Amino acid sequence: VSDIDPLEFHYRFKFPNGRVEEFTVRLDETNLSLIVEPPERLPDWTRLDFHQCENCPLKKEEHPRCPVAVSLASVLPKFASDSSTQEAEITITTATRTFERKAPLPVGIAALVGLHMVTAGCPIMDRLRPMARTHLPFSTHEETTYRVLSMYLLAQFFIARNGGKPDWDMRGLKGLMEDVHVVNKTFCDRIAPVAIKDANRNAFVLLDCFAGITRFTLDKGSMGLIERTFDGYLQDPPA
């Protein structure tokens, strides 16, 4: 039995020269919101109006700081001077399993940043928050697409059960992925002060690739391969 809290994720980056960077992500058990301890002095790039996303519904009078930027204020500076070609031994430990991989930095940073983005309190990214409970570092495009589709359809089930109008055709998911694309793209500009080299920036590019694959799947109706795995549901039951 692990002594790690079920909603804790420990990230460890070990570099070839012996350098180690470690982070612990803690989520509230009731709503999966990020429990964050920001630095006492927040940098200017965390201001809401500093390269604010064009689709951001927040107002600086009520929210002077971008919640995602605040959550990353103690993370991204650690990699500000690292390049995308730099590799590290990346270990993510949870209460039930350990993920290990030697990979270019953006791969590990993207997993860590993605977890922050969907739990920090961004009204747009919050819609992906249910995925945080089953956080899957180093996931493939297929795994991420499957998880996003499954999460969205489960959300429609809960909407219907609570008397709302579900979006069974998933028309709204395409719009959500377009909004996520705007956030990822804008953050590449927001984090310029902590992107002296390109490891941080390319982590967001990598995250956007995953969102783009999902958009492409919906646009082209490219779900035939997934659909074929559901033959047990689609075929007539045996007599």
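Hi everyone, a word on ground rules before the tour. The model is predicted, so local features need pLDDT of at least 70 and side-chain atom pairs count only at pLDDT 80 or more, while totals for chains, interfaces and linings use all residues. Residues are numbered from 1 along each chain as its sequence is written, and side-chain values use heavy atoms, with hydrogens and water left out.

Let's start with the sheet. Helices and strands here are DSSP runs, numbered from the N terminus, with at least four residues (H or I) for a helix and at least two (E) for a strand. Two strands pair if DSSP finds at least two bridges between them. In general, strands of a sheet pair through backbone hydrogen bonds, either parallel or antiparallel. Here we have an open sheet of five strands, in the order S3-S2-S1-S4-S5, with antiparallel pairing. Its edge strands are S3 (34–35) and S5 (98–104), each of which pairs on one side only.

Walking across from the S3 side, S2 (residues 20–27) pairs with S3 over two bridges, and Leu-27 stands opposite Leu-34 in S3. Then S1 (residues 8–14) and S4 (residues 87–93) are antiparallel, over five bridges; look for Arg-12 opposite Thr-91 in S4. Finally, S4 and S5 pair over seven bridges. There, Ala-88 has Ala-103 in S5 as its bridge partner, and a hairpin of four residues joins S4 to S5.

Is Thr-119 buried or exposed? Thr-119 counts as buried, because its relative accessibility is 1%. The cut-offs are under 20% relative accessible area for buried, over 50% for exposed and partly exposed in between, with a 1.4 Å probe and protein chains only. What is Thr-119 in contact with, leaving aside neighbours within four places in sequence? Its contacts, meaning heavy atoms within 4.5 Å, are Leu-27, Leu-32, Ser-33, Leu-34, Arg-129 and Ala-132.

H3 (residues 141–161) has 21 residues and reaches 30 Å from its first C-alpha to its last, close to the 30 Å expected at 1.5 Å a residue. That expected span is 1.5 Å times one less than the number of residues. H4, with 20 residues, also reaches 30 Å from first C-alpha to last, close to the 28 Å expected.

As a reminder, an α-helix has 3.6 residues a turn, so residues three or four places apart point the same way. With that in mind, the buried residues of H3 are Thr-144, Thr-145, Arg-147, Val-148, Leu-149, Met-151, Tyr-152 and Gln-156. The buried residues in H4 include Leu-173, Leu-176, Met-177, Val-180 and Arg-190. Just after H3, Gly-163 takes a positive phi of about 90 degrees.

Next, the pocket. On a 1 Å grid over the protein atoms alone, a pocket is an open set of points with protein on both sides within 12 Å along at least five of seven lines, and lining residues have an atom within 4 Å of a point. The largest pocket has a volume of about 540 Å³, taken as the space filled by probe spheres set on the points, with grid points joined across faces, edges and corners. The elements giving two or more residues to its lining are H2 (105–117), H3, H4 (171–190) and H5 (199–220). Which of them gives the largest share of the lining? That is H2, with six residues.

In total, 28 residues line the largest pocket, and Gly-114, Ser-139, Thr-144, Leu-207 and Phe-210 lie nearest its centre. The lining divides into 20 nonpolar, six polar and two charged residues. In that count Ala, Val, Leu, Ile, Met, Phe, Trp, Tyr, Cys and Pro are nonpolar, Asp, Glu, Lys and Arg are charged, and the others, Gly among them, are polar.

Last, some loop residues. Most residues other than glycine have a negative phi. Phe-138, in the loop between H2 and H3, has a positive phi near 60 degrees, and is buried, with a relative accessible area of 18%. His-51, in the loop between S3 and H1 (67–71), has a positive phi near 50 degrees, and counts as partly exposed at 40% relative accessibility.

How values were computed. On a 1 Å grid over the protein atoms alone, a cavity is a set of points where a 1.4 Å probe fits but cannot get out, and a pocket is an open set with protein on both sides within 12 Å along at least five of seven lines; lining residues have an atom within 4 Å of a point.
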